Amino acid sequence: MRFIYDKGQFHEEIYREESIPKRPGYPMPQEIRDIRALQQKEAAAGTSRAEIFVHMASFMAEYTDEFTFDMKIRRDKPAFDCLDDVMLRGYFGWRTLYRKGQIIPAETYPEIYAYELINEIETKDKYETCRILKKLAEDYPAYRRNINRYLTDFIIFNGLEPSMLPENDQLWNDKRVAALMGDDSIHFLKALYEAAEYPYEYPDKCRAWKISEDEFAKLVQQCFHSIRRYYDKHRKKGFYDDIFGRRELWPYPLFSNAVVVSAAGNEEYIYKVNEVRAYHFNKNHWSVERYTPGENLIIFAREFINDIYSCLDGAKESSGKNAWRFKLIAEEVKAFRERKAREVKIDTGRLDAIRLRAAEIRDLLIVDEEMEVNDRADAAETDVSSEETSEELLTADEKHFLKCIIDGKSLEEFTGKGMMLSILIDGINEKLYDVFGDSVICEDESPYIYEDYLEDIRRMIEN
């Protein structure tokens with residue numbers, strides 16, 4: 001007790017015993033003190049920061065702690081040396097809970113744990129390392145980009161399957177370019193629409209043009225390669241270089257900004273991701289071989305798709321500046337339509353009728369010799385009358401129309417009578433389909449009769 005004089009008065013002050021509050025995290029566990037001593041010793045010996053981190057992490061691989069610390073500070077390229085003792089103990093408490101499946105908000109700690117994983121601390125194998133890294137990226141979205149980059153580099157460095165690589169914009173672009181350079185027409189078509197940032201419009205467009213998805217995909221791919229061949233013949237710059245960018249070798253800092261000990265051998269090493277990207281290791285340096293991305297692909301894809309739409313809709317010339325490209329596309333579309341017009345269409349209903357008729361004929365053949373001879377005679381007569389009937393199917397105007405086509409005469413007299421040539425052609429093709437099993441007239445700007453049927457048609461209209 002003591003007396004204090006203040007402003008003419010004495011005051012009595014009594015001391016009482018009060019407990020001193022404990023500091024959070026103390027007393028500090030012996031393991032924490034041991035790795036701090038290890039850190040100071042190795043730092044004094046000139047050991048690298050990454051190696052010190054790996055030694056400390058290995059020492060504490062199985063350590064668990066119940067202490068938690070609300071870590072709100074985000075460090076750049078963090079390791080144990082940038083944490084004070086309380087933060088460090090808090091990290092091991094966070095790691096203990098995370099290994100048990102509890103996701104607790106925290107800064108810095110997820111990235112330090114990623115460093116432990118890529119250094120393969122306390123993991124059974126490289127595949128388990130990848131699995132945990134992928135989950136860590138999903139659980140802590142704020143660190144997803146960095147963790148996925150570490151995961152990518154870990155897979156490349158260890159030569160694991162490219163299918164394990166995390167999805168990102170680069171990988172999507174690589175897949176798109178590979179599909180455009182590949183042979184699968186459907187994958188090619190979808191990649192082209194993705195490159196143009198267009199919705200995939202196959203159903204509406206192709207129904208109007210009466211083209212199947214597979215036919216449309218193959219047509220678009222043929223147009224694409226027609227342009228590529230044009231480049232090969234007339235341009236110094238390659239087609240792929242023009243639309244995808246130049247394929248070049250760029251320095252690649254593996255495990256950039258990560259605290260990791262990566263001991264690579266001296267042998268040259270190539271890790272191929274796909275047809276358009278590969279990583280090279282040579283003389284202790286990493287590089288990536290890839291196409292330099294640019295805006296040319298999206299511009300080309302949009303103009304290319306629009307030109308194909310225009311050609312299929314019947315446009316005669318391009319509204320854009322690349323008239324040469326439109327001409328190439330128009331030629332491919334014309335050739336496609338000619339091939340399609342000559343395709344033999346199989347009517348399954350008629351096939352069933354033919355099978356039924358064949359069965360009847362088979363039954364008729366199981367008779368005595370006299371009936372067989374009579375049946376053959378009847379069949380011959382039937383064939384003759386069938387031929388005569390097929391000729392009588394055509395009207396006088398239709399025969400005259402065929403003769404004008406054969407003789408190369410003008411068809412204006414038919415249009416002058418108000419007839420539509422397309423309807424006239426469809427009617428003749430439909431009537432003669434039963435005779436020839438195919439369309440006989442190709443509908444074009446100047447309709448013509450297919451050469452295979454020309455002589456038969458000539459004889460038919462002359463009778």
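Leaving aside neighbours within four places in sequence, Phe 92 is in contact with Ile 32, Ile 35, Met 60, Tyr 63, Asp 65 and Phe 80, where contact means heavy atoms within 4.5 Å. This is a predicted model, in which local features need pLDDT of at least 70, side-chain atom pairs count only at pLDDT 80 or more, and totals for chains, interfaces and linings use all residues. Residues are numbered from 1 along each chain as its sequence is written, and side-chain values use heavy atoms, with hydrogens and water left out.

Phe 92 is also among the residues with the most contacts inside the largest nonpolar core, which has 61 residues. A nonpolar core is a set of buried Ala, Val, Leu, Ile, Met, Phe, Trp, Tyr and Cys residues joined through side-chain atoms within 4.5 Å; buried means under 20% relative accessible area, exposed over 50%, partly exposed in between, with a 1.4 Å probe and protein chains only. A second, separate core has 41 residues, including Tyr 291 and Phe 304.

Next, the helices, which are DSSP runs of H or I with at least four residues, numbered from the N terminus. The axes of helix 4 and helix 5 come within 10 Å and cross at roughly 165°; axes are lines fitted to C-alpha atoms over the stretch in contact, and angles run from 0 to 180 degrees between N-to-C directions. The two helices are therefore roughly antiparallel, the word for angles over 145 degrees. Among the residues that meet are Tyr 113 in helix 4 and Leu 133 in helix 5.

Last, Gln 221 is in helix 10. Is Gln 221 buried or exposed? Gln 221 counts as buried, because its relative accessibility is 10%.

Definitions and conventions:
Angles under 35 degrees count as roughly parallel, over 145 as roughly antiparallel, 65 to 115 as roughly perpendicular and the rest as oblique.
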